[in-house]
Amino acid sequence: MKLATIGVGNAGSKLIDQMLEFEFETGRNLCRHALVINTARTDLAKPQHLDEDRRVLIGDTHQKARGHGVGGDAKIGAEVAQTDIDEIRRVFDDVEIHEVDAVLVAAGLGGGTGSGAAPVVIDELQKMYDEPVYGLGVLPGTYEGGRPALNAARSLQSFVTKVDNFIAFDNDAWRSRGQTIEQGYEEMNEELATRIVTLLAAGEVDESEVGENAMDSSDIMRTLDTGGVSSIGYASTDVTPAKEGLLANFKHDGESQSESTDAAKIKGLVRRATNSRLTVPCNVSSADRALIVFAGPPDVISRKGVESAREWLEETADTVDVLAGDDPRPNSSTLAAVVLLSNVTETPRINEIQDQAVDAQNKIQEQDAVREQEIQSLITDEDNDLDPIV
Amino acid sequence: MKLALVGVGGCGTRVVDQFVRAEHRTGRSVTNGNVLAFHTESQPFDKTQTLTSDQQVLLGDTHPAVLRRDTSPPAPHGEQTSQPPSGSETLTYTDVPSSESDQATSPTGTEDSSSNKSDPDSFGVGGDPDIGAQVAKADRPEIRRALDRIDETDVTATMLVAGLGGGTGSGVGSLLLDELSSIYETAVYALGVLPAGNEAPIRALTAARGLQTFVPRTDSMFLVDNEAWRQDNSAIADSYSSINKMTVERLLSVFGTGERAGTPLSEMRIDPADITRTLNLGGVSTIGHSTMTLDTQSVGLLRRVLSLLRRSSSSVSTPVDATQIKTLISQAVQSKMTLPCEITSADRVLLILTGPPDTISRKGFETGRYLLEEKTETVEVLAGDEPVQKSTELTATVVLSNVTSVPRIDNLQQRAVAAQSDPDADTSVASSAHSQQSYTLSVTDQNSTQSHRDTQRTEFDFGEATTDLDTTDSPDNET
């Protein structure tokens, strides 16, 4: 697939940056256009793989933002994007949309800029283009607290109704002991970038001579066509490239034997991908459609294995809509299986976030209601005997 | 974030001066020269080290009630001049670490501080906030001209600093706040110092009225409570210097975050908008603070050499345990805040973790933040880290915005009401305490200046030895 990618806010920008890095390292060419949008000038300097003119500062003239971020307030994030929509549109003008199959908007949903500004950006994209717009959203962890949960729960609603598919990533699922803040976020971004790029980069070369087993962009788009929330699983294994031609030839001769072990390996890989950490934990059987991409040297992808893996997933995901295909990477030393579960409807984390958000919203409303009165009673004495100076 | 600081009165002037000094010492750049000090008498200006003459604004030249130091007869409003003994204003005399510079800039300084005339409330507006307000009204053009020197486009907010017990601080300060909020589009904060319980009742009255005037005029008002911070069993004057240091250190931890040259970009950076959003509720705010020293001893010499060779980002390479970070954050909110209060009454909370980037455990940070949410019973907790390379300390700073359950303020108001309803008793108390206190002051002055000089340099250590003064670290000063 060929994508135009837009990162909104700090988390979104870092993600796009990480995707570009992974692409570069693995010789893929997925992101034909990349753009980051932020409200904080300092954060805009962080991405390393983007040119200066691909970084857009919004809200620098907004009274409450002034180029210093929006302080985690999604309302201001949306306001700022709304105000500077012309600025954003102007940058889109450079995107030659006929060159890409779809647009991907990445954002962290806990902060103010991502959760607030991204839906505004998506609205605009949907107005301007016929191509599908996908969302990639990072959900805040439980420990990030009430305000981020509220931002995320509200933003999720906007995202899911506006995008053609929303790929979710749960921060909590990727939290581990012993990480520093720096490492923690870097590792998460790497994991997510690996998954998303391996999945979507399949079929990027349309006139591939590899033939009928190759995954097509249209297959991926068809799977994502369901709308709703999607989750991605991933597993990979090292494949030692054949060192000697003789051995390879020998292997080729004894095809029937190695084929069966390869097939078992392939099926095992897909099981692992589905049962391992999904980007957002979910009940696999609640998926509407599913798709498997095998990325690696074509000669290790056993047809038999692909078919039995597909059948296994069909059963597990309880859907007949399961596509499987290859993304041939002849020079790769790993074989990766990416499983896309499209429109999963049973995701416990999203329910938790919503509960946390409802509590947070109630608390915030309670505080708002009594604020003025409490301040007044704090600064005046009980019988109101004292007078202000002026 | 960039902040303009406007000090008013003796206390305000000193805090602003110390703040600028601390910026230099810690390599943080917050005010960028956007600093002003207003007073109705000139002596506190002479004691400052960083303020240029341009930044010192003397008010009340034409007002009949303003008493200048060089005018010998007492002012016509005799009652006021005798009323208030020294309070937080006495900071002047214990606060100045360099007596050399005093003598250089103010030949009369030493002489004054040992005489009865050292009572700061005898000069200027004589401790009367209503006269202070009159003076400020009369000098409005002068005030506006001075405020022009602040480049608003250069700063995110402006903060007024004042001792609320003083006539100039509360009186002139009230008018200044009016001016600031009418000129500036950006946020206006105030930092107010509340008088201690053993200061004159009239100062409690002034402070309670000042509080009532200041709070509605600011986006947020930080308070420091002298009563909570004065050291037991010692003359109040001794405490002021350390209170000022504590105040400046905490202010700088909040507003100086990310303003250090060469700071690496952090993942969870505190943006100026995070600070302004936390504060923009109105009401009263308070700051808690806790520091732990990182165990550098465990890092052997070899490892240190190795890390030097690898040009490692930090000298401390052992990540701090998540539990320790959680404890540190919990200490910051349970420790003595600048204004002690019921922490559950906080409306919004800001947490800043300052330390070497490779020691801040993500898990510790996140559980610590969550703990804050539970302890303060609010869901509006913004948190971030400030990586400081080569630092040997980890600091947690917590801002509680709009705290509404504050016993100290209730107490202040009770004292104020008592002082207002019985002014005679107040005067007699005040005048009897007057001479005695001034005496204590002048006696302790010599010693305390000396001793504070030592602690001052060491206590205020942000971990980066930028000057020679910072290197003498003594364990006593660690919190």
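In this predicted model, the contact between the two chains draws on 45 residues from chain A and 59 residues from chain B. On the side of chain A that touches chain B, at least two residues each come from α2 (41–44), α6 (146–162), α7 (181–200) and α12 (348–379) of chain A. Of these, α12(A) gives the most to that side, contributing nine residues. Sorted by class, the side of chain A that touches chain B holds 15 nonpolar, 15 polar and 15 charged residues.

Chain B itself is described next. Its secondary structure comes to 18 helices and ten strands, and 60% of the 479 residues of chain B count as buried. Among the contacts in chain B that link residues at least 6 apart in sequence, 84% join residues at least 24 apart.

The domain assignment of chain B gives domain 1, made of 3–258 together with 422–477, and domain 2, covering 283–401. Where these domains of chain B meet, 16 residues of domain 1 are in contact with 22 residues of domain 2. On the side of domain 1 of chain B that touches domain 2 of chain B, β6 (220–225) and α12 (236–255) of chain B each supply at least two residues, and β6(B) gives the most, with six residues. By class, this side of domain 1 of chain B has seven nonpolar, six polar and three charged residues.

Two packed helices are described by the angle between their axes and the distance between the axes. For helix α1 (residues 9–26) and helix α9 (residues 167–183) of chain B, the axes come within 6 Å and cross at roughly 85°. Because angles of 65 to 115 degrees count as roughly perpendicular, α1(B) is roughly perpendicular to α9(B). The residues that meet are Gly9(B), Cys11(B) and Gly12(B) in α1(B), and Thr168(B), Gly169(B), Val172(B) and Gly173(B) in α9(B). In this contact of α1(B) with α9(B) there are two nonpolar, five polar and no charged residues.

| Contact of α1(B) with α9(B) | two residues | five residues | no residues |

Conventions
Residues are numbered from 1 along each chain as its sequence is written. Chains are lettered from A and ligands numbered from 1 in the order in which they are written. This is a predicted model: local features need pLDDT of at least 70, side-chain atom pairs count only at pLDDT 80 or more; totals for chains, interfaces and linings use all residues. Two residues are in contact if their C-beta atoms, placed from the backbone, lie within 7 Å. Helices (H or I, at least four residues) and strands (E, at least two) are DSSP runs, numbered from the N terminus. Ala, Val, Leu, Ile, Met, Phe, Trp, Tyr, Cys and Pro count as nonpolar, Asp, Glu, Lys and Arg as charged, and the others, Gly among them, as polar. A residue is buried if 20 or more other C-beta atoms lie within 10 Å of its own, exposed if 12 or fewer, and partly exposed in between; C-beta atoms are placed from the backbone. Domain bounds come from an automatic or database domain assignment. Axes are lines fitted to C-alpha atoms, for helices over the stretch in contact, and angles run from 0 to 180 degrees between N-to-C directions. Angles under 35 degrees count as roughly parallel, over 145 as roughly antiparallel, 65 to 115 as roughly perpendicular and the rest as oblique.
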